[in-house]
Amino acid sequence: MSAKKEYHFIAISGSLRKGSYNTMALKALQQMAPSHIKIEQVHFDNIPFYNADLHTEQLPGEVVPLVKKIKEADGVIIVSPEYNYSIPGALKNFIDVVSRHPDKPFSEKAVAIMGASQGQIGTARMQYHLRQVMVFLNAYVVNKPEIMIGHAQHKFDESGNLTDEFLLTQFPLLLESLVRLSDKMSSGS
Ligand SMILES: Cc1cc2nc3c(=O)[nH]c(=O)nc-3n(C[C@H](O)[C@H](O)[C@H](O)COP(=O)(O)O)c2cc1C
């Protein structure tokens, strides 16, 4: 029997705080991924604000390894809160900076989006704004399942483990969808 194809996905949490529910969700996804799927979290806390005066000729050095990781990945997973009905500023800045790199790392990349908020509709508005941004970057975003984790404060235990039974069924489906989309992107069909 042939070995299963291996996948390497890059994962980004849109929240910088230590006790973040979104980072908990990202880690839950990492833990439940089968052995042939590696999910590597990257951090963007050290990326400065994009400034065309400073960054048109040369992007900040910190961004180059992240661009390379995204470019080489089989897909990207973004797990983000919703701030004021939209994408958190730090995450948007990261995407803006990366998008100016000539390698265009998001172009034709398979992307999965999910998010957790303490509100009722679990980042739905942020997710639709992020999908719109991904259109400009020429990324391809998984359509289903849509994972919107509302009332996130009740979906994890004190150690940060995901406890919600429905979500426990949805996370693997999101990964399967990302694998399928990634395969389509790499086969060019
Ligand atoms: C600046 C700011 C804006 C927020 N705006 C929203 C919002 O629009 N919708 C929402 O459901 N929750 C909103 N929240 C609450 C977040 O859902 C909550 O803080 C959540 O825990 C953030 O995600 P994290 O736990 O991953 O940091 C906001 C929080 C902050 C700090």
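Q: What order do the elements of the protein chain run in?
A: From the N terminus on, they run β-α-β-α-α-β-α-β-α-β-β-α. Helices (H or I, at least four residues) and strands (E, at least two) are DSSP runs, numbered from the N terminus. This is a predicted model, where local features need pLDDT of at least 70, side-chain atom pairs count only at pLDDT 80 or more, and totals for chains, interfaces and linings use all residues. Residues are numbered from 1 along each chain as its sequence is written.

Q: How many helices and strands is that?
A: The protein chain has 6 helices and 6 strands.

Q: Next, α3. Which residues of helix α3 are buried?
A: Val63, Leu66, Val67 and Ile70, in a helix covering residues 63-72. Buried means 20 or more other C-beta atoms within 10 Å of the residue's own, exposed means 12 or fewer, and partly exposed is in between, with C-beta atoms placed from the backbone.

Q: Where do they sit around the axis of α3?
A: The buried residues fall within an arc of 100° (taken from the directions from the helix axis to the C-beta atoms), so they line one face of α3.

Q: What is on the face turned away?
A: The exposed residues Pro65 and Glu72 are carried there.

Q: And what covers the buried residues of α3?
A: The cover includes β1 (7-13), β2 (37-42), β3 (75-79) and α4.

Q: Switching to Gly89: buried or exposed?
A: Gly89 counts as exposed because it has 12 C-beta neighbours inside 10 Å. Its place is in helix α4, residues 89-99.

Conventions:
Contact = placed C-beta atoms within 7 Å.
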